[in-house]
Amino acid sequence: MTDSAAMGAPGRPLSLSGRLRNVEPATLVWVALAAILLVLVAYPMGKLLVSSFETRGTGAFTIDNYLTAYGRARYLEALGNSLLLGVLAAGISMVLAVPMAWAVSRTDMPGKSIVWITVLGAFILPPFLGAIGWILLAGPNAGFVNQAWRWATGLQTPLVNVYSFPGLALVIALHSFPLIFIFVKSALDLVSSEMEDAANILGAGTWTATRKITLPLVWPSILGGTIVVFLETIALFGTPAIIGIPARINVVTTQLWQFFEYPVRVEVASAYAMPLLLITVAMILAQRLLLNRKGFVSQTGKGGERRPTRLGPWRWVVFGWCAAVGMLAVAMPMIVLIQASFAKGWGRGFRLDNLTFRNYEYLLFRHEMAIQSIWNTLIFSSIAATFAVALALLVAYIAARRLVPFAGALGFLAMAPFVIPGIVMAIGFYAAYASPPLALYGTAAIIVLAFTARFLPIAYANSTAAIRAVHPEMEEAARILGSGRMRTVAKITAPLIRKSLLGGWLLVFIVSARELSSAVFLVGPKTLTMAVLIYDLSEAGNFEVVAAMGGLMLVITLVLVGVGMKLAGRDFMLRRE
Amino acid sequence: MTIITRRGLLQTGAALGAMGALGRFPALAQDMTPHEKQLYEAAKKEGEVTWYSGQLSAEPGEAVGKAFGERYPGLKVNVIRSTSQVAFQRLSQDLRARTVQCDIFSSTDSGHYGFLKKEGLLTKYRPKNADGMIEAARKGDPDDMFQICYFGLYLMGFNTQKVSEADAPKSWTDLLDPKWKDQIAVGHPGYSGAIGIWALMMKKMYGADYLKKLERNKPQIGRSSMDPVTLMNGGERAIGVAIPSATTLLSISRGNPLKLIYPTDGTVATPAPTAIIANAPHPNAAKLFMEFATGPEYSRVITKLYNESLRPEVPPPVGGRPLNEIKLIMPTMEEAEKGVPEMREVWRDIFGV
């Protein structure tokens, strides 16, 4: 097993250097990785917990932070709002996504590529840009949808109002449904048609069979995806800040932001962040429990035959549903954002005298921070993606090949950030590393570290899947021929999984590039990122310039997605790992 | 290609404009006073200055940064524009982390400076140019810890396509009329310092019930005091409350159907300070910036974008009414320091956000 087992001859006392030579390099790497993961994940979270019990200034033990954090009706109300918003957004996402997944996976619906474009588009459009798009569409008086409604019906009451609880939930759902879609579709792909056939033979029609057989079979995936959307929603900052304030809805994340007003109450914020953390952990555990009750999970690999269900004329109805979701989630917000980015006044609509390049010209030539924020974003995201993928690859390799005892513990730490909402992680990083002696506040390092930690689970899931696909026998062949472990990994394993690593890298890059909730507390004047700049610009309500900045961001993201598809395969963003 | 051409045109236009306005290109060493020259030489080694500002809106803010860089080649201003409370939040975060990022801090909430001064977080500096400023700006802090560099006017405005001049509200109390239900937009004191000052003045003049009565008309609440201007431009709301005159006049100059209302019961004025933070990372560049911000060039740049002039030799912006013709109301600094944080809480209890 170990490289050096043969080198220490038995019976001879070992010198220190001899002993060190006897250490399996994997052990050293394990120690290094454990140290890195402690810095990235365990320490900030531990610090968060500790500081929630500290008195500001002195550091003495207290429970006052909890009393302050839960001592006002408004704060508790925000907690209730977050939970309700999570349930509502997850519910809407489920309703949007499940029929789409079913239609794409199991029926002869035409135009399936439209669904893929929708899902990809909804994933690429950052949630806060989608929110701004929907303000332009569904503002009660000037929104395009309501203008059209008034023109068509002559009524004065608006058709839709984005500044409302259902409006906020819908906007979030329109961004989040792809998660459920991907989960459910990949599960449906595994169900063979024979089970539906059996139901048909016993007299059930297509709808009955779908309702009683097909959907129950993928219930764990539906539930899993829905839970993830719920968790994403309660941790979301940008959309509730942009739509929630005019709608008079305060949620946990916007309340956390208020604790950062003067005087900065990190301790109270830490105490207030605890339920978010606990709910997340509880939901993940609940999901584990449900999924482990494997009684009703009868997918057994790809043995059975799969035939698309013939829908007849109904296929156009299903297509209509998918197209409508695509319109609402991607086409309409994108069109109005592009229109606004070239407009003098967004409410004046598509007219030639409303066309201007001033918004772009202002950002590109007169706004120094805009260009710098683009560079910052590209640099921070690429470093974070590189760190995350390298770290994830090593941990995944050690865990998969079981090179050292407790390799699983590393894997656990690498996945742990999945249950930490971004805003909570940022507060942990601020509490742990902002002040001297490290004084990382305002530096690029703290942002790169936070992005690396936050998106490590994505890279880890990606690397684990990639490594599992490489059978150890190829490595063993190299080892037999005398290659060391490190050389084997470099020469055999890494090249074999290069493509999926690249996919993972791009994925981490793209989600880092648009990350707002963890960046917003950590940026300094010289480390402003695009997402934070868009948030700052949105404060003054100048939607035309905001849309132009969003346009620049989308162009950059699209170029990267294009590169990714070329290099890592068309579906690199949508694989279910 | 079009962009490059456009850029070239713009630059030419800007240069011609500057020549027309000033009769010379800036940044000639012989134009500088010895004091200025000395600061400039020292500042060149620092290379940059970071300015957290909640006073000027984004466009004039960037224009000031650019003009400073043109007058003093080799120096760059990092303009971090946000609402005043967010700027103060960032500054507090910096101070809490004990790593100073910011050199110059500009806020519309004058209360911030009382606190910063008491805590010893400001650098004492009296700009030489301050003596040449208008009366209202000259007397900043008796201990020279900060200097008035911005004079904001906050009033009302309406969309002329939605409301007629005759119908438009005339005073702050007119806003309580039920006919304006779902028509009003306003910023948020948790973000904008000026809105905090405005809310404080309303409480002082009309009692604590004013905001409760306003809530019956369900105003749309944004963040920045400028937010309602965009909402009126788009036609989303008809009446903007406590909006800055500069942003509104700029918007009108771009062809938006807006009109300003000078309330009969007083326009809220915020003589807003600017200060150098203690232990600023670029102390000389910061002092040079203070000279610039109190000098004539700064007033020329900002009045072109409709902000109030702070120098007697620079005429006021086009389109606004001269200061001596309007009734101005403002709180004292002590009132602001104590009152604005209270108003933030009151506001959140009344409006829910």
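**Close-up 1. Helices α6 and α15 of chain A in the predicted model.** Here α6 (residues 127-138) and α15 (residues 314-341) of chain A cross at roughly 80°, and their axes come within 8 Å. Since angles of 65 to 115 degrees count as roughly perpendicular, that makes α6(A) roughly perpendicular to α15(A). On the α6(A) side, look for A:Leu129, A:Gly130, A:Ile132, A:Gly133, A:Trp134, A:Leu136 and A:Leu137. They meet A:Met332, A:Pro333, A:Met334, A:Val336, A:Leu337 and A:Ala340 of α15(A). Sort the residues of this contact and you get 11 nonpolar, two polar and no charged.

**Close-up 2. Helices α17 and α23 of chain A.** This pair, residues 368-401 and residues 498-513, packs at an angle of about 135°, with the axes 8 Å apart. The two helices are therefore oblique to each other, and their crossing is right-handed. From α17(A), the contact residues include A:Phe380, A:Val389 and A:Leu393, while α23(A) brings in A:Leu501, A:Trp505 and A:Phe509, among others. No charged residues turn up in this contact either; the tally is 11 nonpolar and six polar.

**Close-up 3. Where chain B touches chain A.** Now for the two chains together: 51 residues of chain B are in contact with 40 residues of chain A. Several elements of chain B each supply at least two residues to its side, among them α1 (2-22), α3 (58-71), β2 (76-81) and α13 (333-351). The largest share, eight residues, comes from α4(B). As for the make-up of chain B's side, it divides into 13 nonpolar, 24 polar and 14 charged residues.

Definitions and conventions:
Residues are numbered from 1 along each chain as its sequence is written. Chains are lettered from A and ligands numbered from 1 in the order in which they are written. This is a predicted model: local features need pLDDT of at least 70, side-chain atom pairs count only at pLDDT 80 or more; totals for chains, interfaces and linings use all residues. Axes are lines fitted to C-alpha atoms, for helices over the stretch in contact, and angles run from 0 to 180 degrees between N-to-C directions. Helices (H or I, at least four residues) and strands (E, at least two) are DSSP runs, numbered from the N terminus. Angles under 35 degrees count as roughly parallel, over 145 as roughly antiparallel, 65 to 115 as roughly perpendicular and the rest as oblique. A crossing is left-handed if the near helix is turned anticlockwise from the far one by less than a right angle, and right-handed if clockwise. Two residues are in contact if their C-beta atoms, placed from the backbone, lie within 7 Å. Ala, Val, Leu, Ile, Met, Phe, Trp, Tyr, Cys and Pro count as nonpolar, Asp, Glu, Lys and Arg as charged, and the others, Gly among them, as polar.
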